[in-house]
Amino acid sequence: MSNLAILPILIPLLAGIWLAFIAKKLPLARGSAKLLSILNLAIVIYIFFHVQQNGTLILEMGDWKAPFGIIIVGDLLAVTLVLTTNLVAVAAAFFAPKSLSDKQEGFYFYAFFFWLISGVSGAFLTGDLFNLFVFFEVLLMASYALIVLGGGKAQLRESIKYLLLNLFSSMLFVTAIAFIYAVVGTVNMAQIAERVQEVEQQGILTTIAILLFFVFATKAAVFPLYYWLPNSYSVPNPVVSALFGALLTKVGIYSILRVFTLIFTHEPGLTHNLFLWLAGLTMIFGVIGALSTHNVKLIVAYNIIPAVGFMLMGIGIFTETAISGTVYYLVHDMIIKGALFLLVGALAHLAGTSDLRKMGGMIHHYPFLGWMFFLASLVLAGIPPFSGFIGKLLLLQGGLAEEEVIIVIVTLVTSLLILFSMIRIFIGAFWGEKNEDITVNKRAADGYVWPIAGLLALSVTLGVGAEWFYPAIQSIAEYLMAPELYIDSVLKE
């Protein structure tokens, strides 16, 4: 059954190759993309329940035993995030034909879309640092193609910044891997975790840990390394923005979570306290950015940043409750950010502008879209009983238990300001007098609604049905707080 672990990587990889050959045959490409995204989701759901019932899936490629070969590790954390990735992917596959022009679709959108999903899934499932770097590069190469899709001036400008920053962080990533290999003689994460306990010069490990954190923090948009994100995520087509906002920064957060609960746990007084300070600053500066603009796409893009701060806060507190909050919030944020980017993309297209000051009264023309946005705003801000509230409640409980009062206060204030930034969009764009100058396109709106409604329904269910999901999240946190379980599952004889 261990061969199941490779399927979430292999199926989208092969799907991308197939769709590259039929890229110009748009009806076939669209149908294939929808069908293959559903097929991949169905397989991932099966894998998720298999792992939940039978434990971690380990695939040793080519029968090379760990730690010598390429290892795929499908533990409950990895498959949960792969499942969430594919839920967003299905919504994006159905939204794309409504959002993209025929020309944009013909420029190999669906091929790069599936290669992005393959890279993200591989990053979650890999069991060694070097292949984490490889999968980072796979997803980044796909993202480079997607960000310039359409060839607009703003897209090209932001793509250059995005490319240069990621090339620099990738160079640092390889350097950090070389350093850790020089110190412990392996890149297998389980064996690194085993061997770091024997290293006498702990200061070298701390230096490598901070270097790796810098790499992952750049990918995750942690303060002060977030400056590249807002424009890069707001200028592409809405379906591309949704994929980026839902998935890419989460790979960075996942990497921090995995590495700093498994490997670098020797100096929490330094590393994890640093995380708490950076988490607070990330929340503050992210929400200030969201309040500083009238561009609806930028407001949602800036709201990615405080969410990263919330997740980093749990890693910094480093207790079982706080880690549960990080994992719960991670799943929640992947889904709701996908829904919100699709929502504001649809809003901007239907209104003919992204400028909040030029909108108004849209709810009279598109009531379902308006009330979905209002509901999504409540979910994002963490209003009870929605999923954002469950994740933040766990984070706040963890913070109060460890007497981290300052970060708790920052979290509460930031949550209120996030709600304010989103209600600004609802009042400015949807509320108010009916604007007769707007050209109403009900057919386009109907095409946008259902993929968004699906993601929003999932997000609401994640909150309202928390008692169904929390036991799995709690078991993930228990597993992460006991790194010997991961080590034993990978390095077993």
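What is the volume of the largest cavity? It is about 80 Å³. The close-ups below come from a predicted model.

**View 1. The lining of the largest cavity.** The residues around the largest cavity are Phe136, Leu139, Leu140, Tyr162, Leu165, Asn166, Thr218, Lys219, Trp228, Tyr233, Leu248 and Val251. Four helices each supply at least two residues of this lining: helix 6, helix 7 (153–184), helix 9 (202–220) and helix 11. By class, nine lining residues are nonpolar, two are polar and one is charged. The count of cavities of 30 Å³ or more comes to five.

**View 2. Helix 6 against helix 11.** Helix 6 spans residues 129–147, and helix 11 spans residues 238–262. Their axes come within 12 Å and cross at roughly 165°. An angle over 145 degrees counts as roughly antiparallel, so helix 6 and helix 11 are roughly antiparallel to each other. Their crossing is left-handed. Helix 6 brings Leu129, Leu132, Phe136, Leu139, Ser143, Leu146 and Ile147 to the contact. Helix 11 answers with Val240, Phe244, Leu248, Val251, Ser255 and Val259. By class, the contact has eleven nonpolar residues, two polar ones and no charged ones. Phe136, Leu139, Leu248 and Val251 take part in this contact, and these residues also line the largest cavity.

**View 3. Helix 5 against helix 6.** Helix 5 covers residues 109–125. The axes of helix 5 and helix 6 come within 8 Å and cross at roughly 155°. That angle makes helix 5 roughly antiparallel to helix 6. The crossing of helix 5 and helix 6 is left-handed. On helix 5, the contact residues are Phe109, Phe112, Phe113, Trp115, Leu116, Ser118, Gly119, Val120, Gly122 and Ala123. On helix 6, they are Leu132, Phe135, Val138, Leu139, Ala142, Ser143, Ala145 and Leu146. By class, 14 residues of this contact are nonpolar, four are polar and none is charged. Leu139 of helix 6 meets helix 5 here; Leu139 is also part of the contact with helix 11.

**View 4. The largest pocket.** The largest pocket has a volume of about 410 Å³. It is lined by 17 residues, and the closest to its centre are Phe48, Leu83, Leu87, Leu462 and Phe469. Which elements give two or more residues to the lining of the largest pocket? They are helix 2 (26–54), helix 3 (76–99), helix 15 (320–351), helix 20 (442–464) and helix 21 (466–480). By class, the pocket lining has 13 nonpolar, four polar and no charged residues.

Definitions and conventions:
Residues are numbered from 1 along each chain as its sequence is written. This is a predicted model: local features need pLDDT of at least 70, side-chain atom pairs count only at pLDDT 80 or more; totals for chains, interfaces and linings use all residues. Side-chain values use heavy atoms; hydrogens and water are left out. On a 1 Å grid over the protein atoms alone, a cavity is a set of points where a 1.4 Å probe fits but cannot get out, and a pocket is an open set with protein on both sides within 12 Å along at least five of seven lines; lining residues have an atom within 4 Å of a point. Grid points are joined across faces, edges and corners, and a volume is the space filled by probe spheres set on the points. Ala, Val, Leu, Ile, Met, Phe, Trp, Tyr, Cys and Pro count as nonpolar, Asp, Glu, Lys and Arg as charged, and the others, Gly among them, as polar. Axes are lines fitted to C-alpha atoms, for helices over the stretch in contact, and angles run from 0 to 180 degrees between N-to-C directions. Angles under 35 degrees count as roughly parallel, over 145 as roughly antiparallel, 65 to 115 as roughly perpendicular and the rest as oblique. A crossing is left-handed if the near helix is turned anticlockwise from the far one by less than a right angle, and right-handed if clockwise. Contact means heavy atoms within 4.5 Å.
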